[in-house]
Amino acid sequence: MIERAAKLFDEVIIGVFVNTSKKSLFTVKEKVALIGQSVEHLSNVKVLHQEEQLTVEIAKKLKVNAIIRGIRSVKDFEYERDIAQMNRYLNQEAETIFLLAKPEYSHISSSLLKEVLYFGGDVSCYLPPAINEALARKRENNEF
């Protein structure tokens, strides 16, 4: 998704924000570092960490005019549509653009990958090398 967005826009900022409804395997600092390693081959992509404001507020400060969101399924669409409508209410200057997941990734979610990993399954084909290595370390240290 990020590689596709990088072809469409002069600059892509990956926002690492807080999702209060999810429990993450990685700390915010780990996420920023891992994402940075995974996109270092893309010269027009950078990673931004922010824990205290909404995405649309940061977009407004940075004068961002498009927020890219990925959609895997109809279920995702309904969830993402609601977020896009709230974002539009909060910041009329930023448009939400949806990119559909490639078919081979449409069934993948972080919850599914964590479940497979927990029971020793191999999901390496779905993840960048840096993230696979970090997950292997977490597993060795019994952190999930």
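# A guided tour of the predicted model

Start with the record. An unreviewed UniProt entry lists Lys 22, Thr 55 and Arg 69 under "binding site". UniProt positions follow the numbering used here, feature names are shortened, and annotations may be inferred rather than shown by experiment. This is a predicted model: local features need pLDDT of at least 70, side-chain atom pairs count only at pLDDT 80 or more, and totals for chains, interfaces and linings use all residues. Residues are numbered from 1 along each chain as its sequence is written, and side-chain values use heavy atoms, with hydrogens and water left out.

**Stop 1: two of the listed positions**

Select Lys 22. Lys 22 sits in the loop between strand 1 (12-16) and helix 2 (28-38). Helices (H or I, at least four residues) and strands (E, at least two) are DSSP runs, numbered from the N terminus. Lys 22 counts as exposed because its relative accessibility is 57%. The scale: buried means under 20% relative accessible area, exposed over 50%, and partly exposed in between (1.4 Å probe, protein chains only).

Now select Thr 55. Thr 55 belongs to helix 3, residues 55-62. Its relative accessibility is 29%, so Thr 55 counts as partly exposed. Not counting residues up to four places away in sequence, Thr 55 touches Phe 17 and Ile 67. Contact means heavy atoms within 4.5 Å.

**Stop 2: Gln 53**

Move to Gln 53. Gln 53 lies in the loop between strand 2 (45-49) and helix 3. With 31% relative accessibility, Gln 53 is partly exposed. Show its contacts, leaving aside neighbours within four places in sequence: Phe 17, Ile 58 and Lys 61. Draw the side chains of Gln 53 and Lys 61, which are joined by a polar contact of 3.0 Å. A polar contact is a pair of N or O atoms within 3.5 Å; within protein, one must be able to donate a hydrogen and the other to accept it, and residues adjacent in sequence count only if both atoms are side-chain atoms. Glu 3 and Gln 53 are 50 residues apart along the chain, and their C-alpha atoms are separated by 26 Å.

**Stop 3: helix 2 against helix 6**

Two packed helices are described by the angle between their axes and the distance between the axes. Select helix 2 and helix 6 (residues 129-140). They pack at an angle of about 145°, with their axes 8 Å apart. Axes are lines fitted to C-alpha atoms, for helices over the stretch in contact, and angles run from 0 to 180 degrees between N-to-C directions. Which residues of helix 2 meet helix 6? Glu 30, Leu 34, Gln 37 and Ser 38 do, against Ala 130, Ile 131, Ala 134 and Lys 138 in helix 6. By class, this contact has four nonpolar, two polar and two charged residues. Ala, Val, Leu, Ile, Met, Phe, Trp, Tyr, Cys and Pro count as nonpolar, Asp, Glu, Lys and Arg as charged, and the others, Gly among them, as polar.

Zoom in on Ser 38 in helix 2. Ser 38 is buried, with a relative accessible area of 17%. Beyond four places in sequence, Ser 38 touches Pro 128, Ala 130 and Ile 131.

**Stop 4**

In soluble globular proteins, nonpolar side chains tend to be buried together. Select the largest nonpolar core: it has twelve residues, including Leu 25, Phe 26, Leu 34, Ile 108 and Leu 135. Helix 5 (110-118) and helix 6 each supply at least two residues of this core. Helix 6 gives the most, with four residues. A second, separate core of eight residues includes Ile 14, Val 39, Leu 42 and Leu 99. A nonpolar core is a set of buried Ala, Val, Leu, Ile, Met, Phe, Trp, Tyr and Cys residues joined through side-chain atoms within 4.5 Å.

**Stop 5: loops and the tail**

Select Asn 44, in the loop between helix 2 and strand 2. Is Asn 44 buried or exposed? Asn 44 counts as buried, at 18% relative accessibility. Apart from neighbours within four places in sequence, Asn 44 is in contact with Ala 6, Phe 9, Asp 10, Glu 11 and Val 12.

Next, Lys 63, in the loop between helix 3 and strand 3 (66-71). Its phi is near 60°, a positive value in a residue other than glycine. Lys 63 is exposed, with a relative accessible area of 73%.

Finish at Asn 142, in the segment after helix 6. Phi of Asn 142 is near 55°, again positive in a residue other than glycine. Asn 142 counts as exposed, at 67% relative accessibility.
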